[in-house]
Amino acid sequence: MTERPRLPLPAGFGWGTATASYQIEGAVSEGGRGPSIWDTFSHTPDRTRNGDTGDVACDHYHRLDEDLDLLAEIGAPYYRFAPSWPRLQPTGSGVLNPEGVQFYSRMIDGLHARDIEPWITLYHWDLPQQLEDAGGWPARATAEAFAKYAGLVYDAFGDRVRHWTTLNEPWCSAFLGYGQGVHAPGRQDHQDAVAAGHHLLLGHGLALRELRSRASDAELGITLNLFPAEPESDSPEDVDCARRIDGLMNRFFLDPVFRGTYPDDVVADLERAGISIPVQDGDLELISAPLDLLGVNYYTRFVVRARSPEEVERRGGRPSPWPGGRDIQFVAGGLPTTEMRWEVYPEGLSNTLHRIADDYTSIPIWITESGSAFGDVLLADGTVDDQARIDYLDSHIRAALEAREAGVDLRGYFVWSLLDNFEWAFGYEKRFGIYYVDYETQERTPKASAIWLRETLADDALPERTSA
Ligand code: FCB
């Protein structure tokens with residue numbers, strides 16, 4: 001049992017919740033929206049759990065006002081959302097679709113009317129299918145298309161939206177989408193995955209230039225998912241596995257953005273695997289242009305060990321997100337886990353924040369996602385008693401505020417997610433929301449965590465908590 005005392009919240013701290021278009025909107029063929037790689041992927045047999053798709057999702061497109069009211073009910077000052085690229089620009093080029101612009105305009109105005117600051121993520125994985133057909137992120141042209149799109153979105157909403165992040169978790173887009181193939185577009189080629197990673201970063205840099213040329217007081221950044229990689233033992237082999245995973249997961253993105261260079265050891269590891277990063281002159285200058293903020297998504301850690309050559313042999317060539325990483329095994333580290341089988345490790349969040357501040361940058365950091373999936377049950381009395389999620393949030397918020405107290409310039413913390421939603425390849429089976437969604441009726445029910453968050457914010461303090 002641990003006793004956690006009441007903890008007053010810092011004044012002016014940026015609390016919020018987060019969502020993403022394909023996970024909640026539905027209405028995939030309405031309002032002039034074009035197809036995205038996630039439509040294609042989820043409609044391909046055996047790609048998602050139970051063949052689930054985002055066709056209807058939380059029907060947010062038709063329930064916008066109701067969902068904005070939920071946000072108002074929570075009382076957090078920010079809402080981070082990702083407009084759908086194919087709703088705004090159906091084929092990935094040309095002018096914006098007026099109906100799409102109208103929908104997000106209504107959202108932005110509705111947020112302001114409720115005193116909530118909108119925060120836009122420009123890319124949360126729903127690439128227009130036409131751009132994938134032309135090569136997708138492994139093709140340099142996709143970065144250029146993204147930058148043009150970013151400029152148009154800024155032209156449409158820049159007068160009403162101050163905070164912008166270019167990409168959400170480029171690691172997932174690149175390595176899960178093009179390497180392991182468990183995310184759209186489902187390709188399995190490590191050279192493509194690395195090229196996609198570079199072009200996503202280039203897209204970030206080019207988009208940043210577009211936005212900077214327009215924006216005087218916008219706050220611009222990128223969101224990275226950063227997870228500590230720890231060795232199972234202190235054997236040199238295990239320690240080296242942790243270095244390599246840290247390289248591909250964290251430093252592959254942090255180093256170019258904040259140091260203008262890919263890490264030497266990662267470049268050497270990739271070369272050994274016959275893979276190169278398609279950098280052209282000037283790319284790294286664009287990628288490392290100054291930012292106003294860094295968004296961090298944090299969920300868990302990785303614990304790794306080295307496989308023996310026999311184990312590698314036995315395992316064969318099963319698809320993995322890690323280029324050159326067949327000899328690295330991911331193991332359970334012994335901590336309690338969520339429904340995703342992700343270890344609950346709040347110290348990893350404070351360590352990550354310290355690492356960024358110590359090794360990379362002193363710009364403001366925002367936790368743009370933090371949350372957990374559990375097997376929530378809607379009881380007959382209409383309640384969902386998700387104490388495990390409250391524990392998760394409580395412990396992670398405390399860890400984040402500890403780092404802030406120790407000097408890290410942390411400005412905000414957004415809960416993933418407002419609603420249960422389409423959890424990518426896991427379909428609707430994993431519930432991350434603080435509102436429960438009944439997918440038959442589309443009824444939303446506040447879980448205990450939503451009520452807890454509302455009361456915490458109203459009270460300006462984390463309540464005292466005893467947890468197992
Ligand atoms: C993050 C994604 C988000 C959601 C959470 C659980 O990787 O950004 O869309 O799937 O994980």
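This is a predicted model: local features need pLDDT of at least 70, side-chain atom pairs count only at pLDDT 80 or more; totals for chains, interfaces and linings use all residues.
1. Sorted by class, the residues in the contact of α8 with α9 are 8 nonpolar, 4 polar and 1 charged.

2. Helix α8 also packs against helix α10 (residues 236-259), where the two axes come within 10 Å and cross at roughly 130°. With that angle, α8 and α10 are therefore oblique to each other, and the crossing of α8 and α10 is right-handed.

3. The residues that make the contact with α10 are P170, W171 and F175 from α8, and they meet L248, M249, F252 and F253 from α10. This contact of α8 with α10 is made up of 7 nonpolar residues, with no polar and no charged ones.

4. Turning to the open spaces, the largest pocket holds about 1,500 Å³ of space. It is lined by 49 residues, and those closest to the centre of the largest pocket are Q180, F302, M340, W342 and F426. Two or more lining residues of the largest pocket come from each of α8, β10 (302-306) and β11 (328-330), and α8 provides the largest share, with 4 residues. By class, the lining of the largest pocket comprises 24 nonpolar, 12 polar and 13 charged residues.

5. The second largest pocket has a volume of about 420 Å³, and among the 20 residues that line it, R4, V344, P346, D391 and S395 lie nearest its centre. At least two residues of the lining of the second largest pocket are supplied by each of β1 (2-4), α14 (346-360) and α15 (387-405). Of the elements involved, α15 gives the most to this lining, with 7 residues. The lining of the second largest pocket divides by class into 10 nonpolar, 5 polar and 5 charged residues.

Key:
Residues are numbered from 1 along each chain as its sequence is written. Side-chain values use heavy atoms; hydrogens and water are left out. Ala, Val, Leu, Ile, Met, Phe, Trp, Tyr, Cys and Pro count as nonpolar, Asp, Glu, Lys and Arg as charged, and the others, Gly among them, as polar. On a 1 Å grid over the protein atoms alone, a cavity is a set of points where a 1.4 Å probe fits but cannot get out, and a pocket is an open set with protein on both sides within 12 Å along at least five of seven lines; lining residues have an atom within 4 Å of a point. Grid points are joined across faces, edges and corners, and a volume is the space filled by probe spheres set on the points. Axes are lines fitted to C-alpha atoms, for helices over the stretch in contact, and angles run from 0 to 180 degrees between N-to-C directions. Angles under 35 degrees count as roughly parallel, over 145 as roughly antiparallel, 65 to 115 as roughly perpendicular and the rest as oblique. A crossing is left-handed if the near helix is turned anticlockwise from the far one by less than a right angle, and right-handed if clockwise. Contact means heavy atoms within 4.5 Å.
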